[in-house]
Amino acid sequence: FRLSNGIEVTCVTVKNSEKAAAAMSIRAGAEDDTLSGLAHFTEHAVFLGSEKFPVESAFKAHLSRNGGSSNGGTSMDMTTFKFEVKSNAFHSTLDIWSNFFVKPLFRDEAIGREVMAVTAEDSKNRIMDGRRKLQVIKDLMGSTNWAKFSTGNVHTLCYGEAEKNSEDLAKIMKRFHNLNYTPGRMSLALCGPQSLYELQSMTEKYFSSITD
């Protein structure tokens, strides 16, 4: 079904499941970058707290207490966020998670720190054969959108100086977010032991307030 704001939703009931899970996909990815790695960085920045839950570590701490885990991924044309948690904590987890999409904070000081987290991820990737091969293939593709360096690092995002240029990056990232993280580009899936009626009610409660 589709929420009133335009988000496409799929709900799945799995009776007697001990876990519940959710995933949100945004139809925007690295091919939409204006800076190399901007879509990937935005994926990271979304989790830097929300107006309702401003503490950056609140979501991870909540998942840890309730047997959960989460992840995100940025491809060339899609950005996806997902988590799983004990089913009796699904409501409270959705409350925290949904607010990353309703009202993310994007504090400038957090942006500067997260650039270095993305840079560390890039450094780790550089020694992986699969990643090295992918970058060679991209280079051979020539000047197409799919040939971009999609991970990003402090050099492509902040000209090598995270602290000095974090404010400028924040402005660029917020512009990218405002343009792409809109209900019409969002697809949501919820899965758990709850009834389809309850799962639908949960999506309406937690995600209907997302606006363009």
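This is a predicted model: local features need pLDDT of at least 70, side-chain atom pairs count only at pLDDT 80 or more; totals for chains, interfaces and linings use all residues.
## A salt bridge to start with

Glu8 and Arg27 form a salt bridge, with their closest N and O atoms 3.7 Å apart. (A salt bridge here is a side-chain nitrogen of Lys or Arg within 4 Å of a carboxyl oxygen of Asp or Glu.) This pair links distant parts of the chain: Glu8 sits in strand 1, while Arg27 is in the loop between strand 2 and helix 1 (38–45), 19 residues apart. Glu8 is partly exposed, with a relative accessible area of 30%, and Arg27 also counts as partly exposed at 30%. (Buried means under 20% relative accessible area, exposed over 50%, and partly exposed in between, using a 1.4 Å probe and protein chains only.)

Residues are numbered from 1 along each chain as its sequence is written, and side-chain values use heavy atoms, with hydrogens and water left out. Helices (H or I, at least four residues) and strands (E, at least two) are DSSP runs, numbered from the N terminus.

By the same rule, the count comes to 8 salt bridges. One of them joins the side chains of Arg107 and Glu56, at 3.7 Å from N to O. Arg107 lies in the loop between helix 3 and helix 4, and Glu56 in the loop between helix 1 and helix 2, so this pair ties together parts that are 51 residues apart in sequence. Arg107 is partly exposed, with a relative accessible area of 27%, and Glu56 is partly exposed with a value of 27%.

Glu56 has another partner in Arg113, and here the closest N and O atoms are 2.9 Å apart. Arg113 counts as partly exposed at 47% relative accessibility. Salt bridges that share partners join Glu56, Arg107, Glu109 and Arg113 into one network.

Now look at the strands: 5 of them form an open sheet in the order 1-5-2-4-3, with mixed pairing. (Two strands pair if DSSP finds at least two bridges between them.) Strand 1 (8–13) and strand 3 (69–74) stand at the edges, each with a single partner strand, so one side of each is left without a neighbour in the sheet. Neighbouring strands are turned by 10° against each other on average, direction ignored. (The axes are lines fitted to C-alpha atoms, for helices over the stretch in contact, and angles run from 0 to 180 degrees between N-to-C directions.)

Thr74 has Thr79 of strand 4 as its bridge partner, and Ser70 is paired with Phe83 of strand 4. Strand 2 (residues 19–26) also runs antiparallel to strand 4, through 8 bridges; Met24 stands opposite Phe81 in strand 4.

## Two positive phi angles

Most residues other than glycine have a negative phi. Asn16 is not a glycine, yet its phi is positive, at about 70°. Asn16 lies in the loop between strand 1 and strand 2 and is exposed, with a relative accessible area of 76%.

Phe106 is not a glycine either, and its phi is positive at about 55°. Its place is in the loop between helix 3 (90–102) and helix 4 (108–125). Phe106 is buried, with a relative accessible area of 6%.

## Cysteines

How many disulfides does the structure hold? There are 0, where a disulfide is a pair of cysteine sulfur atoms within 2.5 Å. The sulfur of Cys11 is 9.4 Å from the closest cysteine sulfur, in Cys191, which is too far for a bond. Cys11 is buried, with a relative accessible area of 17%, whereas Cys191 counts as partly exposed at 28%.

Accessible areas come from the Shrake-Rupley method with a 1.4 Å probe; for residues, only the protein chains shown count as cover.) Met141 is in helix 5 (residues 129–141) and counts as partly exposed at 40% relative accessibility.
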